[in-house]
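Welcome! Here is a short tour for someone meeting this structure for the first time. Have a look at the sequence and the model, and then read on.

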Amino acid sequence: MFRLSTKGRYGVRAMFDLALHYDEGLVSLKSIAERQEISEHYLEQLIAALKKAGLVKSIRGAQGGYMLSREPSKITIGEILRALEGSLSPSECIDDIERVDCPRAEFCVTRKVWEKVKEAIENVVDSVTLQDLVDDYKKMTADESYMFYI
């Protein structure tokens, strides 16, 4: 079964949190960790990778913190997942990053299936932005009796 690791899932949650608080300026790791129920130590690792990918900016110091490097509408879920997970390929033979040469590739019927799966995944995650998540969240929370998890 194809699954995202906690890096991908928690990274999207952290980025959603930054998007939700985008207009408020800098956000501390501690506040993200508390709201999203993610270990602060683990969150530091995720944010470092997101920063390296150019998705997050930071300012040091007592009044420091983190913020998105671009508007939430300009960051896709696909960018976040690639920064944290690497390739989104379901099979090594079609992986753009760590391609494994397969002697059967030229005549492999199932390869076409994996290519279609990869394309479908990429189309979905590249079409959803952080702003889409924020908008969905605001719709969901408009009804206060509705319980949900991010």
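Buried means under 20% relative accessible area, exposed over 50%, and partly exposed in between (1.4 Å probe, protein chains only). Helices (H or I, at least four residues) and strands (E, at least two) are DSSP runs, numbered from the N terminus.

A word on what you are viewing: this is a predicted model, in which local features need pLDDT of at least 70 and side-chain atom pairs count only at pLDDT 80 or more, while totals for chains, interfaces and linings use all residues. Residues are numbered from 1 along each chain as its sequence is written, and side-chain values use heavy atoms, with hydrogens and water left out.

Leaving out residues up to four places away in sequence, Leu130 touches Met15, Phe16, Ala19, Leu68, Pro72, Ile75, Ile77 and Ile80. Contact means heavy atoms within 4.5 Å.

How do helix 1 and helix 3 meet? The axes of helix 1 (residues 6-20) and helix 3 (residues 40-52) come within 10 Å and cross at roughly 80°. Axes are lines fitted to C-alpha atoms, for helices over the stretch in contact, with angles from 0 to 180 degrees between N-to-C directions. Helix 1 and helix 3 are therefore roughly perpendicular to each other; angles of 65 to 115 degrees count as such, under 35 as roughly parallel, over 145 as roughly antiparallel and the rest as oblique. From helix 1, Thr6, Lys7, Tyr10, Gly11, Ala14, Met15 and Leu18 meet Tyr42, Leu43, Leu46, Ile47 and Leu50 of helix 3.

Now for the charged side chains. The model holds six salt bridges, each a side-chain nitrogen of Lys or Arg within 4 Å of a carboxyl oxygen of Asp or Glu.

| Salt bridge | N to O distance |
|---|---|
| Arg70 and Glu79 | 2.6 Å |
| Arg82 and Glu122 | 3.9 Å |
| Arg111 and Glu115 | 3.3 Å |

Arg82 lies in helix 4 and Glu122 in helix 5 (residues 109-127), so this pair ties together parts that are 40 residues apart in sequence. Arg82, Lys118, Glu122 and Asp126 are linked in a network of salt bridges. Arg111 and Glu115, by contrast, both sit in helix 5, four residues apart, about one turn of the helix. Arg111 is buried, at 16% relative accessible area, whereas Glu115 is partly exposed at 33%.

Thr76 sits in the loop between strand 2 (65-68) and helix 4 (77-85). With 15% relative accessibility, Thr76 counts as buried, and beyond its neighbours within four places in sequence, it is in contact with Val125, Asp126, Val128 and Thr129. Glu37 belongs to the loop between helix 2 (29-36) and helix 3. Glu37 is exposed, with a relative accessible area of 67%, and has a positive phi of about 55° although it is not a glycine.
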